[in-house]
Amino acid sequence: MSGPARQPLTRRQAEVLAAASDGVPLRVVAQRLGITRERVAARLSEAYGRLDVAWMDRSERRAAAVRIARKRGLIPNEPNQEAA
């Protein structure tokens, strides 16, 4: 991946990406966070751009963004355990 070693995410982008890190559908992430599905999609799209994965195939984007964000310390290393 190109770009600087650490591209910052906003607090909300990081929160949404962390909540989506286990691969659940956007509607589930929205329920977890108490926001709309559209808002989840928008925050993820912004995060993908900042992490330079927006160009990737849709099936790979989220996992790549999570991997990069964890490596850079932008989100926790473990998925949210609250829903378990």
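The buried residues of α2 (26–33) are covered by, among others, α1, α3 and α4. Those buried residues are Leu26, Val28, Val29 and Ala30, where buried means under 20% relative accessible area, exposed over 50% and partly exposed in between, with a 1.4 Å probe and protein chains only. The model is predicted, so local features need pLDDT of at least 70 and side-chain atom pairs count only at pLDDT 80 or more, while totals for chains, interfaces and linings use all residues. Residues are numbered from 1 along each chain as its sequence is written, and side-chain values use heavy atoms, with hydrogens and water left out.

**Overall make-up**

The protein contains 4 helices and 0 strands, in the order α-α-α-α along the sequence. Helices (H or I, at least four residues) and strands (E, at least two) are DSSP runs, numbered from the N terminus. Of the 84 residues, 39% are buried. The protein exposes about 5,200 Å², of which carbon and sulfur atoms supply 49%; accessible areas come from the Shrake-Rupley method with a 1.4 Å probe, and for residues only the protein chains shown count as cover. Among contacts with a separation of 6 or more, 54% join residues 24 or more positions apart, contact being heavy atoms within 4.5 Å.

**Helix packing**

Helix α1 spans residues 11–19, and its buried residues are Gln13, Ala14, Val16, Leu17, Ala18 and Ala19. They pack against α2, α3 (37–50) and α4 (58–71).

Two packed helices are described by the angle between their axes and the distance between the axes. Here axes are lines fitted to C-alpha atoms, for helices over the stretch in contact, and angles run from 0 to 180 degrees between N-to-C directions.

| Helix pair | Angle | Axis distance |
|---|---|---|
| α1 and α2 | roughly 120° | within 9 Å |
| α2 and α3 | about 100° | 8 Å |

With axes crossing at roughly 120°, α1 is oblique to α2. Angles under 35 degrees count as roughly parallel, over 145 as roughly antiparallel, 65 to 115 as roughly perpendicular and the rest as oblique. The crossing of α1 and α2 is right-handed; the term applies if the near helix is turned clockwise from the far one by less than a right angle, and left-handed if anticlockwise. Arg12, Glu15, Val16 and Ala19 of α1 meet Val29, Arg32 and Leu33 of α2. By class, this contact has 4 nonpolar, no polar and 3 charged residues. Ala, Val, Leu, Ile, Met, Phe, Trp, Tyr, Cys and Pro count as nonpolar, Asp, Glu, Lys and Arg as charged, and the others, Gly among them, as polar.

The angle of about 100° between α2 and α3 makes this pair roughly perpendicular. Leu26, Arg27, Val29 and Ala30 of α2 are in contact with Arg37, Val40, Ala41 and Leu44 of α3, a set with 6 nonpolar, no polar and 2 charged residues.

**Loops**

Glycine 34 follows α2 and has a positive phi, near 70°. Most residues other than glycine have a negative phi. Aspartate 52, in the loop between α3 and α4, has a positive phi near 60°. Aspartate 52 is partly exposed, at 26% relative accessibility.

Alanine 54 is found in the loop between α3 and α4 and counts as partly exposed at 40% relative accessibility. Leaving aside neighbours within four places in sequence, alanine 54 contacts Tyr48, Gly49 and Arg61. The C-alpha atoms of alanine 54 and alanine 65 are separated by 8.9 Å, with the two residues 11 residues apart along the chain.
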